[in-house]
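Hi,

Here is the structure I said I'd pass on to you. Have a look at it first, then read my notes below.

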Amino acid sequence: MAHAPDFRRWLALALLLILAVAVPPVLAALGQGFYIGFAARVLIMALAALSLDLVMGLGGMISFGHAAFLGLGAYVVGIGSWHVFDGAPLPFGLAGSENALIVWPLAMLVAGLAALGIGAISLRTTGVHFIMITLAFAQMLFFLAGGLKTYGGDDGITLYNRSQLAGLKLSDPTTFYYLCLGLLVTVLAVLLRLSSSRFGMVLRGVRDNERRMRALGFPTYRYKLAAFVLSGMICGLAGALLANASEFASPAIMSWQRSGELLVMVVLGGMGSLIGPVLGAVALMVLEESLADLTQHWQVILGPLLVLLALSARRGLWGWIKGRDGAP
Amino acid sequence: MTEPLLHTSGLVKRYGGVIATHQVALAVERGHLHALIGPNGAGKSTLIGLLSGEMAADAGHIHFNGHDVTRLHVHRRARLGLARSFQITSIFKSFSVLANVVLAVQAHAGHSFRFWRPAVRDPALVGPALAALDRVGLADRRHHAAAALSHGERRQLELAMALAGDPAMLLLDEPMAGMGPEDGRAMVDLLQSLKGERTILLVEHDMDAVFQLADRISVLVYGAVIASGTPDHIRTDPEVRRAYLGEEA
Ligand SMILES: Nc1ncnc2c1ncn2[C@@H]1O[C@H](COP(=O)(O)OP(=O)(O)O)[C@@H](O)[C@H]1O
Ligand SMILES: [Mg+2]
């Protein structure tokens with residue numbers, strides 16, 4: 001009895017993976033190769049939504065500022081590339097770089113450090129206060145990025161080249177798509193494993209009942225902070241990929257609307273399931289794209305549509321696909 | 001005379017103008033089942049909260065097992081072996097029964113920065129968790145969702161979670177609250193079996209249970225301890241009879 005939902009879950013996952021692998025050849029066969037780049041951006045936003053679900057779905061920390069980490073990751077790639085082109089040195093004797101093995105980990109490091117600072121302060125609060133403080137920090141970074149006159153101010157930086165990764169040609173949309181898919185699947189697999197580990201248990205315990213966790217003897221703050229930093233790093237990686245996908249980094253990536261989109265993806269797909277937010281990202285972006293093709297006033301349609309979706313599938317798209325399940 | 005396992009002096013807690021705890025000096029001897037009784041609103045839950053560290057005292061001291069724990073955070077006191085249960089059941093509803101207790105064991109099994117191995121399949125956690133579930137009679141319900149338990153079973157789970165960390169002392173806030181007579185009797189039996197094995201501070205309204213179980217009883221009225229002693233002593237104390245027991249008899 002306990003195995004039936006499990007089977008359905010793995011079957012659904014396998015089918016989704018096959019679908020994802022099939023996207024580039026199918027699009028190419030349909031003569032819609034242009035959309036492969038869009039599909040890669042969907043995977044990248046899915047990675048960002050996944051990172052948000054780590055803190056929000058597992059840990060119950062509703063961050064309204066995750067776009068900040070996305071933006072920081074993008075800016076690290078953008079600034080690295082800008083200095084390669086311009087030749088001007090960076091502080092601390094650093095030079096510009098387009099090497100993915102340097103720039104992407106650096107993007108994760110910078111986003112992780114920002115998450116450490118933001119989390120250390122925000123996590124002293126909970127609930128609505130936490131939401132507002134994370135939003136405030138993201139807005140701060142948004143305006144800060146807009147003030148970087150060297151790097152294009154509000155207009156941002158155009159990448160002269162995509163990052164270089166070993167022998168891969170990342171400017172080829174199909175190659176780039178599969179790289180994004182590989183990273184997304186890897187992170188998803190690791191986080192799924194993590195969610196039932198001791199660390200994952202603590203996060204879910206905090207989400208359910210933080211007071212009880214403390215009474216049991218858990219110093220909850222440090223675990224929440226660790227999750228927040230890990231989440232920020234993953235989101236930073238998504239940002240680095242996003243800069244490559246759009247060959248562009250600008251303050252708009254950090255806008256509060258972007259943070260809101262990430263929240264919608266998580267809720268739409270099914271909070272706390274990790275897989276759900278990936279589906280939520282796909283659903284939201286495909287909806288946006290197709291509605292925008294139909295009419296200029298697509299947002300007027302999207303809003304009610306989201307409300308309907310949220311009402312009809314309370315545990316999100318993934319809850320609806322995998323069916324009922326037991327407690328962990 | 002040996003040092004009590006837990007003792008307080010001059011403990012005070014105010015909520016605005018309300019004095020919920022008034023100059024409480026309480027001593028709980030090692031191995032005793034010490035009952036704390038008093039009318040509703042007397043400050044029993046508040047006192048439990050002060051002892052467990054969920055609330056900070058406005059004045060006074062708390063000593064536990066040779067440590068001055070007055071300023072220690074709640075999780076540090078739990079680690080020292082001071083476990084509590086809640087008057088209003090406080091469990092992890094989205095977890096299975098087993099996972100609830102596994103989490104309680106995990107709290108005492110070193111740090112939780114372990115990211116790979118599934119906790120509910122770790123024998124080092126599951127073993128003690130099953131032992132605690134067995135103790136309270138919930139072992140056969142271990143794979144159920146905690147949310148699906150009856151009220152009485154939740155109270156049992158609550159106790160299993162307190163027991164799981166092998167605490168030196170249990171602070172039990174009305175473990176029988178809202179239970180039917182049958183579950184209540186089972187709980188009394190369980191407490192009887194724990195007696196002597198653990199030091200217990202028990203808040204309870206059921207006077208039959210209290211007088212049957214307790215080695216010592218302290219009576220709290222308007223935040224102050226008005227009497228403390230053996231059940232026989234409390235039964236015959238004129239002030240207690242007037243202030244509290246009299247109105248029940
Ligand atoms: N969080 C709180 N804020 C304000 N007053 C409180 C709070 N908790 C308890 N009190 C008051 O403190 C007194 C003691 O409450 P409590 O400790 O819950 O009593 P008991 O557990 O003995 O019924 C009561 O008068 C109650 O109204
Ligand atoms: Mg009470």
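Start with the second largest pocket: 22 residues line it, and A:Tyr75, A:Val76, A:Ile79, A:Leu90 and A:Val110 sit nearest its centre. (A pocket, on a 1 Å grid over the protein atoms alone, is an open set of points where a 1.4 Å probe fits, with protein on both sides within 12 Å along at least five of seven lines; lining residues have an atom within 4 Å of a point.) Helices H3 (67–86), H4 (100–122) and H5 (127–146) of chain A each give two or more residues to that lining, and H3(A) gives the most, with five. Helices here are DSSP runs of H or I, at least four residues long, numbered from the N terminus.

This is a predicted model, so local features need pLDDT of at least 70 and side-chain atom pairs pLDDT 80 or more, while totals for chains, interfaces and linings use all residues. Residues are numbered from 1 along each chain as its sequence is written, chains are lettered from A and ligands numbered from 1 in the order written, and side-chain values use heavy atoms, without hydrogens or water.

Now the interface: 38 residues of chain B are in contact (heavy atoms within 4.5 Å) with 28 residues of chain A. The rule finds three salt bridges across it, meaning a side-chain nitrogen of Lys or Arg within 4 Å of a carboxyl oxygen of Asp or Glu. A:Arg212 forms a salt bridge with B:Glu158, with the closest N and O atoms 2.9 Å apart.

Cheers
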